[in-house]
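The structure comes first, then the notes.

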Amino acid sequence: MAISTPKTLGVLVVLIAAIVTVAVKGFALTVFGALALFFVLWWTFLFAVLPLGNQAEADPGRLVPGQDPGAPARPRLREKALLTTVAAAFAFFLAITVFPLARL
C-alpha cells in the first residue's frame with residue numbers, strides 16, 4: 001500500500017497505464033477510447049466507494065470550528081483510490097470483453 005500521496009499517485013498512474021496498454025494491444029481500442037472509458041468507470045466507482053467504512057468524529061473536542069460534525073474522522077482516501085482503481089479495472093475488462101468496442 002502506498003504510504004504517501006505522491007507514491008499513491010505513482011502507483012495509480014502505473015496501474016492505469018498497464019490497464020490501458022492491455023486494452024489497446026489486446027482488444028484493439030484506441031488510447032483515447034480506453035482512457036475515456038476507464039475515466040468514466042473510475043469516477044463512477046469512486047462515488048460508490050467513498051462512503052464505505054466512514055464514521056463521524058466521536059470526540060467533540062477534535063472538531064474544528066466550521067467542520068461538519070458528520071465528516072469522516074478517517075476518510076482513508078489513498079486506500080479508496082486504490083480500491084476504486086481495482087474495481088474499475090475489473091469492470092473495464094468485463095466491458096471490453098463482453099461488448100464489441102474495437103476502435104472505440
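F39, W42, W43 and F47 are joined into a cluster by ring pairs. Rings of Phe, Tyr and Trp (its six-membered ring) pair if their centres lie within 6.5 Å; planes under 30 degrees apart are stacked, over 60 edge-to-face and the rest tilted. This is a predicted model, in which local features need pLDDT of at least 70 and side-chain atom pairs count only at pLDDT 80 or more, while totals for chains, interfaces and linings use all residues. Residues are numbered from 1 along each chain as its sequence is written, and side-chain values use heavy atoms, leaving out hydrogens and water.

**Aromatic pairs**

- The count comes to five aromatic pairs.
- One of these is edge-to-face: F38 and F92, 5.7 Å centre to centre with 85 degrees between the planes.
- This pair links distant parts of the chain, 54 residues apart, with F38 in helix α2 (residues 31-49) and F92 in helix α3 (residues 77-98); helices are DSSP runs (H or I, at least four residues), numbered from the N terminus.
- Both F38 and F92 are buried (under 20% relative accessible area; exposed is over 50%, partly exposed in between; 1.4 Å probe, protein chains only).
- F93 is partly exposed, at 24% relative accessibility.

**Helices α1 and α3**

- The axes of α1 (residues 5-27) and α3 come within 10 Å and cross at roughly 5 degrees; axes are lines fitted to C-alpha atoms, for helices over the stretch in contact, and angles run from 0 to 180 degrees between N-to-C directions.
- Residues in contact (heavy atoms within 4.5 Å) include L12, L15 and I19 in α1 and L82, F92 and I96 in α3.

Key:
Helix = DSSP H or I, 4+ residues; strand = E, 2+ residues; numbered from the N terminus.
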